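Colleague: Could you walk me through this one? I'd like to go helix by helix and then look at a couple of side chains.

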Amino acid sequence: MKDLSLVQEYMICAVNEKGGIPSFSTEKLVCLVAAGLLDLRLAGCLAIEGKKVQTTSPLPEDRAYLASLYEFVGDKPKALEKIVEAYTYSVTDKRLVKLMEDVGRSLADLGLAQEARGGLLGNKKNFVPAKTAVEAVIDMVRAELLEDGEVTEDIAALVVLLEKGKCVKTYFSAYEQKTIKEKLKAIVASPEGKLVGELVAHVEGMINIAAAMVVICS
């Protein structure tokens, strides 16, 4: 399977059998947006400082499917709260739909997903990942976190997103989940795991923002 980006790998694992993420799965949706932001950071075109983000260089051609998120962030500091609100608590979900469609289309173009109809009226474009694509991503996680392979920043970040997005239980046993958590904890505590620790903090911060918004709206 071709090398995939962080947000592509996360989406493959996060969507349901119909290629969608229910609106009530707040953590999964927030982690999808977080995956997009972290992907842009790992690609070197976005900076995250505290609770603010901004673009810092042109969007790489191989991240064209993140153009809508990249443009929304812009080159002036923008609060993470504003991004979470715009993508998960907006009156319309057009930004989130656009992000999911673009990432899904990128997977379909690689032959890793099939287009399907979603939404109450069947007017949304969903993309259902191929079973082989899901298996390949999960096998890659197992090879690095459950065996003796070297753990890369990308895979560590993916596991953080899957855990915070409550996707881990779908693919790993209770014993595997415990092992993964212990290994991630050790990585974050090591000098080499500084970036992973920062990524964990960013994802947790966005989820906390979303949780606070739920309280305000209830």
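This is a predicted model: local features need pLDDT of at least 70, side-chain atom pairs count only at pLDDT 80 or more; totals for chains, interfaces and linings use all residues.

Colleague: How many of the residues of α1 are buried?

Modeller: Helix α1 spans residues 6–14. The buried ones include Leu6, Gln8, Glu9 and Tyr10, and the helix is mostly covered.

Colleague: Are α1 and α6 roughly parallel or roughly perpendicular to each other?

Modeller: In general, two packed helices are described by the angle between their axes and the distance between the axes. Here the axes of α1 and α6 (residues 131–145) come within 9 Å and cross at roughly 115 degrees. The crossing is left-handed. Angles of 65 to 115 degrees count as roughly perpendicular, so α1 and α6 are roughly perpendicular.

Colleague: Which residues in α1 meet α6, and how many residues of that contact are charged?

Modeller: From α1 come Glu9, Ile12 and Cys13, and they meet Ala133, Val134, Val137, Ile138 and Met140 in α6. Sorted by type, the residues of this contact are seven nonpolar, no polar and one charged. Glu counts as charged, so the α1 residue you want among Glu9, Ile12 and Cys13 is Glu9.

Colleague: Now arginine 41. Which side chain does the side chain of arginine 41 make a polar contact with?

Modeller: Arginine 41 lies in helix α2 (residues 26–42). Beyond its neighbours within four places in sequence, arginine 41 is in contact with Leu46, Ile48, Leu195, Glu198, Leu199 and His202. The polar contact, at 3.4 Å, goes to the side chain of histidine 202.

Colleague: Is arginine 41 buried or partly exposed?

Modeller: Its relative accessible area is 21%. Buried means under 20%, so arginine 41 is partly exposed.

Colleague: And how far apart are the C-alpha atoms of arginine 41 and threonine 55?

Modeller: Along the chain, arginine 41 and threonine 55 are 14 residues apart.

Colleague: Last one: which backbone oxygen does the side chain of threonine 88 reach?

Modeller: Threonine 88 is found in helix α4 (residues 80–88). Leaving aside neighbours within four places in sequence, threonine 88 is in contact with Leu29 and Val30. At 2.5 Å, its side chain reaches the backbone oxygen of valine 84.

Terms used:
Residues are numbered from 1 along each chain as its sequence is written. Side-chain values use heavy atoms; hydrogens and water are left out. Helices (H or I, at least four residues) and strands (E, at least two) are DSSP runs, numbered from the N terminus. Buried means under 20% relative accessible area, exposed over 50%, partly exposed in between (1.4 Å probe, protein chains only). Contact means heavy atoms within 4.5 Å. A polar contact is a pair of N or O atoms within 3.5 Å; within protein, one must be able to donate a hydrogen and the other to accept it, and residues adjacent in sequence count only if both atoms are side-chain atoms. Axes are lines fitted to C-alpha atoms, for helices over the stretch in contact, and angles run from 0 to 180 degrees between N-to-C directions. Angles under 35 degrees count as roughly parallel, over 145 as roughly antiparallel, 65 to 115 as roughly perpendicular and the rest as oblique. A crossing is left-handed if the near helix is turned anticlockwise from the far one by less than a right angle, and right-handed if clockwise.
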